[in-house]
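Good morning, and thank you for making time for this presentation. I shall go through the model on the screen chain by chain and then turn to selected details.

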Amino acid sequence: MTTTPVKPDLNPNAAVVDGAYEGITPGLFSKAFFQETFALTRRLFIQLQRRPSTLVAGIIQPLMWLILFGALFKNVPAGLFGTDIGYGQFLGAGVIVFTAFSGALNAGLPVMFDREFGFLNRLLVAPLASRFSIVLASAIFITTLSLIQTAAIVAVGVLLGAGLPGPLGLGVVATIIFLLVLGVTALSLGLAFTLPGHVELIAVIFVTNLPLLFASTALVPLAFMPPWLQTVASLNPLSYAIEPIRYIYLHSNWGVNSVVMHAPWGPVSLGGSLLVLVGFSALALLSVQRLLRRRLG
Amino acid sequence: MAMAPAVLVEQLQKRYGQVEAVKDISFQVQPGEIFGLLGPNGAGKTTTLRCLCTLVAADGGTLEVAGVSVNNNPKAVRQLLGYVAQEVALDKVLTGRELLQLQAALYHLPRQQGLEQIETMISLLGLVAWADKPTGTYSGGLRKRLDLAAGLLHQPTVLVLDEPTVGLDIESRRAIWTFLRQLREQGTTVLMTSHYLEEVDALADRVAIIDQGEVIAVGTPSELKDQVGGDRITLRLREFAPLAEAQKAQAMIQQLPFVQDVIINDAQGNSLNLVVTPQSDALINLQQALKAADLPTFGIAQSRPSLDDVYLAATGKTLLDAELAAAGQRDPKVERKQSMR
């Protein structure tokens, strides 16, 4: 158990020996670390509360997708997409995942603005137990936001007739969203600390966002795509989030071994998809951790 | 046992690419004093502070705060320092109180102590009426006061101020000066930079004058002025004297026994700047000599040397000139990049 840092003696006559703080300097997962992480997270939620437009837009936008995009393809002959369900029902999983993904992709923007306005310097001159708290606060914030959005879409999905998975199914959906958001948030924060400014970050977000959507199974099933796009979509982490959620929505008798996707190299099970997402998040966190250590160390 | 200086900077070096921001800066701040770093913009003052506050790594030299090495123990140094940057970065959505609460948590103050300290600082800096308003609605002076409150919240051993009154109106500047004097009376050590002569002159117990990344003089303002020696006289023949007339006067004045040096200041209507032996009847003698030579007198004033004269004696240019020269060479974009992490 680490203790909070002892306030340095204010009496300047006290002899302060170099290195005397070594033993009491708190590190990761100390009380001090939780205190600073909580305060930094609180700041983000206060911002959200005073400027809720991001959250409101973040809920309205996916609903628009669901309603407008769903209507656009409503009259497609049944079976054209290789499924016998309505397009609206098909689209739900895609919209859930895409919404969470976009939100996570934008996670780096507030950090970038903090860098540009010098607010980050305020954090860097403070004796933070670990600067990882800056990153963790953003991750907690974005993840919570994504789960709120997901809940809203799931609720509206019920009204639109997409049905509702059981509690365990919803738990898996939440887990999938969490894993995807964690990885993408990490990448976005990594970019926020690497790119020179917000213009560049927005450019990267812009060229990543829609192409990754189109190159996934969000809008059409894999079988409907030309072979080369099938390969691309099967390499896209978004597909590994979309397909299990879709399967859970459409099949009440789902299980870990259920085959949710037929990649060009073979069938992918629900459990396999989850493993891919765990791998993706772990890889993202690892690569970003090294980078952040260099930038913030 | 010898007491460690509050701040020790020895042979500090820092370069940004091709630019040697700090070539060789050394000084010591003693506990309880206000120490000023004076110099034109671009002299390396801010870079020195940024190295001290662990924002950038120095390329060479020794930096210590109360005997703790910045290099070996940056976290402990951060706890010892309160840093108030030149450009106040506040989250404009947060209220002043919320910002201070964040700050208290970042310095790991226990909850109750943090809340008490926040109340103390809010009333001490006259922020009571503003504490619960978003900082986005604050004026420049208020922002600075809030930032001072944030910097002092954890009762740092040394308060580090970068250009504390730049861009502020006269009233806010006075308020901050008064506050800093109060702090000194309570024994807080302050290290501040400024390119305002009168600010350093009015506040600092000791000064290091910095030019182009090097310390050119250290001492109390009074010592430094004495070292330069001589009194200063500004003489204006007319509101705008013709150059020929000024030169004629210069040649004549040069011959007077109590005059050490005369230069023509063309930036101020060809007025004449004299260095004279102190405690002589310089003004009267000068006026008599001017009358005898049939030269007019529009205005005449005697003063002790200023810190600007100290700077002038060491560098051959005034602070203002250095400022203007530097302004043309600096690239604000590049500097913005340097300050980003």
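**Overview of chain A**

In chain A, 41% of the 297 residues are buried. Before I continue, please keep in mind that this is a predicted model. Chain A contains 11 helices and two strands. As for the contacts within chain A between residues at least 6 apart in sequence, 74% of them join residues at least 24 apart.

**Where the two chains meet**

Let me move to the interface. Here, 35 residues of chain A are in contact with 39 residues of chain B. On the side of chain A that touches chain B, the elements giving two or more residues are α1 (31-50), α4 (108-117) and α5 (119-124) of chain A. Which of these gives the largest share? That is α1(A), with eight residues. Sorted by class, the residues on this side of chain A are 19 nonpolar, eight polar and eight charged.

**A helix pair in chain B**

The next item is a pair of helices. In chain B, helix α3 (residues 96-106) packs with helix α5 (residues 140-152) at an angle of about 25°, and their axes are 9 Å apart. Because angles under 35 degrees count as roughly parallel, α3(B) is described as roughly parallel to α5(B). The crossing of these two helices, α3(B) and α5(B), is right-handed. From α3(B), the residues making the contact are G96(B), L99(B), L100(B) and Q103(B), while α5(B) provides L146(B), A149(B) and A150(B). By class, the contact of α3(B) with α5(B) comprises five nonpolar and two polar residues, with no charged residues.

**The sheet of chain B**

I now turn to the strands. Chain B has an open sheet of four strands in the order β12-β13-β11-β14, with antiparallel pairing. Its edge strands are β12 (259-265) and β14 (299-303) of chain B, each of which pairs on one side only. Neighbouring strands of the sheet are turned against each other by 15° on average, with direction ignored. Helix α9 (residues 243-254) of chain B packs on this sheet and touches β12 and β13 of chain B; the direction of α9 makes about 170° with that of β12(B).

Strand β11 (residues 231-236) of chain B pairs with strand β13 (residues 271-276) of chain B in the antiparallel sense, over five bridges. Within that pairing, V275(B) in β13(B) is the bridge partner of R232(B). The pairing of β11(B) with β14(B) is likewise antiparallel and has five bridges. Opposite L235(B) stands I300(B), in β14(B). How many of the five residues of β14(B) are buried? The count is zero, and β14(B) is hardly covered.

**One loop residue**

Finally, consider T165(B), which lies in the loop between β7 (158-162) and α6 (170-185) of chain B. Is T165(B) buried or exposed? With 23 other C-beta atoms within 10 Å, T165(B) is buried, because the cut-off is 20 or more. Leaving aside residues up to four places away in sequence, T165(B) touches R173(B), I176(B) and E199(B). From T95(B), T165(B) is 70 residues apart in sequence and 22 Å apart in space, C-alpha to C-alpha.

Notes: Residues numbered from 1 in each chain as written. Chains lettered and ligands numbered in written order. Predicted model: local features only at pLDDT ≥ 70, side-chain atom pairs only at ≥ 80, totals over all residues. Buried ≥ 20, exposed ≤ 12 C-beta atoms within 10 Å, placed from the backbone. Contact = placed C-beta atoms within 7 Å. Axes fitted to C-alpha atoms, helices over the stretch in contact; angles between N-to-C directions. Parallel < 35°, antiparallel > 145°, perpendicular 65-115°, else oblique. Left-handed = near helix turned anticlockwise from the far one by under 90°. Nonpolar A, V, L, I, M, F, W, Y, C, P; charged D, E, K, R; others polar. Pairing = 2+ DSSP bridges.
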